[in-house]
Amino acid sequence: MKIYNTLSRKKEEFEPKEPGKVSMYVCGPTVYNLIHIGNARPMIIFDTVRRYMEYKGYQVNFVSNFTDVDDKIIKKANEEGVDSHVISERYIEECKKDMQAMNVKEATTHPKATEEIAGMLQMISTLIEKGHAYAAADGTVYFRTRSFKEYGRLSHKNLDDLQGGNRSLLVSGEEQKEDPLDFVLWKPKKEGEPYWESPWCNGRPGWHIECSVMSKKYLGDEIDIHAGGEDLIFPHHENEIAQSEAANGKTFARYWMHNGFLNIDNKKMSKSEGNFFTVRDISEKYDLQILRFFMLSAHYRSPLNFSAELMEAAKNGYERIVTCVTNLNYLLEEAHKNAPDSGMSAAEESALEEARGFVTKFEEAMEDDFNTADAVSAIFELVKFANTKASPESSADFVKAVKDEIIMLSDICGLIVEKEAEILDSDVEKLIEERQAARKAKNFARADEIRDLLAQQGIILEDTREGVKWKRA
Ligand code: AMP
Ligand code: ZN
């Protein structure tokens, strides 16, 4: 399996530190708002990487954090007049709902920065003891960047170029730094901000130290893969390497993977630019499986431009697989009815060999730095094969074998292509009656629950003067 490593800027053969096991850390979102579809890209991509590795038999320890203390969270909390915890917890819950709807697996651990402060104080103390960090007069602690000789290794930046660039960026209050390149590990609290006690001042951690500490705690000093969007290469990941390696004295991560941006009109989608769609916006128009399919239709390192046309193309592509599986299910039922005991014919056995070739093609694409675009093409070839080779004359064994292959490959991509049987009209009506009764009894919780249940099945309710009407979405 080859992975493009940002460190070497080359595709490298993947060799985990421990045979059969993979430790992987993906930088998660800052939770002050609903996630946008740019944030969804690394979630879907690295979930697919994880799924493929699990398919290959690796045991994957997958850690992805929530950054739940940050200026933007505090600003929002102040606007709403609530504690910043209320904001972060709200958006962690919403983020988890979106992840589930995109079929992104739960991480092995989803640490939150605010619950890991003790580890941060520990690592900062170690860095000070080793001469890699210092506290300024106001209690701010800085990392002494020049003390880490390999600084710039990941982003391929030269310290002296950075020095020139950063000097002009020195903002007021930062004159206390020994060097403009130094970055914050701990900062004093301001009025109205959450804070923790520390040997240096009451304050809160810098963003970079959070990930170094959470990665160390849940995965150890040396991990296999560290990942995130390419905007994190510098300074976030560069600073993580400096902190972790200076503190632990070991290589931090062996492979660095970065996804390209999701753009709109060829500009990066971002909350600060205001040019974004939330995952929730998209879910109003599309099944989120289609968003997932859209993300996988490009190579993860390429920029991907979001457009209505490409989403429509993704919808067609995804539905082609779903329709094929629905047809195979129909053929399977027929075959069971017509010839329950007949096994696969010799011709079917050899046709199945051809189908296995598409599985090999899929694997080859994934082994080549997770080329999901080519992997999805292999699924399409399999679908085309199924559409031409499976017929009402086929044996049940043959139809099932072809269907299983399509489901298996789709599942590695995290795509759910076998739809549950539709809810029957009579069941919808029974549930509507129950909801009316619940409302009469003022059991609004149950009434809402039934509405949600029906919504999940794509049933839309409309309260009219003549009573409740319903339709399928
Ligand atoms: P943030 O909440 O901004 O820290 O972002 C969380 C994750 O989403 C990081 O891995 C970012 O690199 C990634 N990300 C943010 N915006 C985009 C985008 N437009 N395209 C791709 N990845 C993004
Ligand atoms: Zn991070």
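H258 is buried, with a relative accessible area of 5%, in a model that is predicted. The residue belongs to strand β10, which spans residues 253-259.

**H258 and its surroundings**

- With a relative accessible area of 5%, H258 falls under the 20% limit and therefore counts as buried.
- Its side chain makes a polar contact with the side chain of T6, at 2.7 Å.
- A polar contact at 2.8 Å also joins the side chain of H258 to the side chain of H237.
- When neighbours within four places in sequence are left aside, the contacts of H258 include F46, L154, G228, G229 and E230.
- I233, Y300 and R301 are also among the residues in contact with H258.

- Are C27 and H236 buried or exposed? C27 counts as buried at 11% relative accessibility, and H236 is buried with a relative accessible area of 1%.

**T67 in its loop**

- T67 is found in the loop between β4 (59-64) and α2 (71-80).
- Although T67 lies in a loop, T67 counts as buried, at 1% relative accessibility.
- Not counting residues up to four places away in sequence, T67 touches G28, P29, T30 and V31, among others.
- I73, W207 and E210 are also touched by T67.

**Salt bridges**

- The count of salt bridges in the model comes to 47.
- K75 and E79 form one of them, with their closest N and O atoms 3.3 Å apart. Both residues lie in helix α2, four residues apart, or about one turn of the helix. Both K75 and E79 are exposed.
- E405 forms a salt bridge with R356, the closest N and O atoms being 3.6 Å apart. This pair links distant parts of the chain, with E405 in helix α13 (residues 396-412) and R356 in helix α11 (residues 346-367), 49 residues apart.
- In that pair, E405 is buried, with a relative accessible area of 10%, while R356 counts as partly exposed, at 39% relative accessibility.
- R451 forms a salt bridge with D463, and the closest N and O atoms are 3.5 Å apart. Here R451 comes from helix α15 (residues 444-456) and D463 from strand β14 (residues 459-464), 12 residues apart.
- R451 counts as partly exposed at 30% relative accessibility, and D463 is partly exposed with a relative accessible area of 42%.
- D47, R51, R292 and D411 are linked in a network of salt bridges.

**The parallel sheet and its helices**

- In what order do the four strands of the open sheet stand? The order is β4-β3-β9-β10, and the pairing is parallel.
- β4 and β10 stand at the edges, each with a single partner strand, so one side of each is left without a neighbour in the sheet.
- From one strand to the next, the twist averages 20°.
- β3 and β4 run parallel and are joined by six bridges. V22 has V60, in β4, as its bridge partner.
- Helix α1 packs on the sheet and touches β3, β4, β9 (223-229) and β10. The direction of α1 makes about 135° with that of β10.
- Helix α6 (residues 207-219) also packs on the sheet, where it touches β3, β4 and β9. The direction of α6 makes about 155° with that of β3.

Methods:
Residues numbered from 1 in each chain as written. Chains lettered and ligands numbered in written order. Predicted model: local features only at pLDDT ≥ 70, side-chain atom pairs only at ≥ 80, totals over all residues. Heavy atoms only, no water. Helix = DSSP H or I, 4+ residues; strand = E, 2+ residues; numbered from the N terminus. Buried < 20%, exposed > 50% of the residue type's maximum accessible area, 1.4 Å probe, protein only. Polar contact = N/O pair within 3.5 Å; in protein donor to acceptor, adjacent residues only side chain to side chain. Contact = heavy atoms within 4.5 Å. Salt bridge = Lys/Arg side-chain N within 4 Å of Asp/Glu carboxyl O. Pairing = 2+ DSSP bridges. Axes fitted to C-alpha atoms, helices over the stretch in contact; angles between N-to-C directions.
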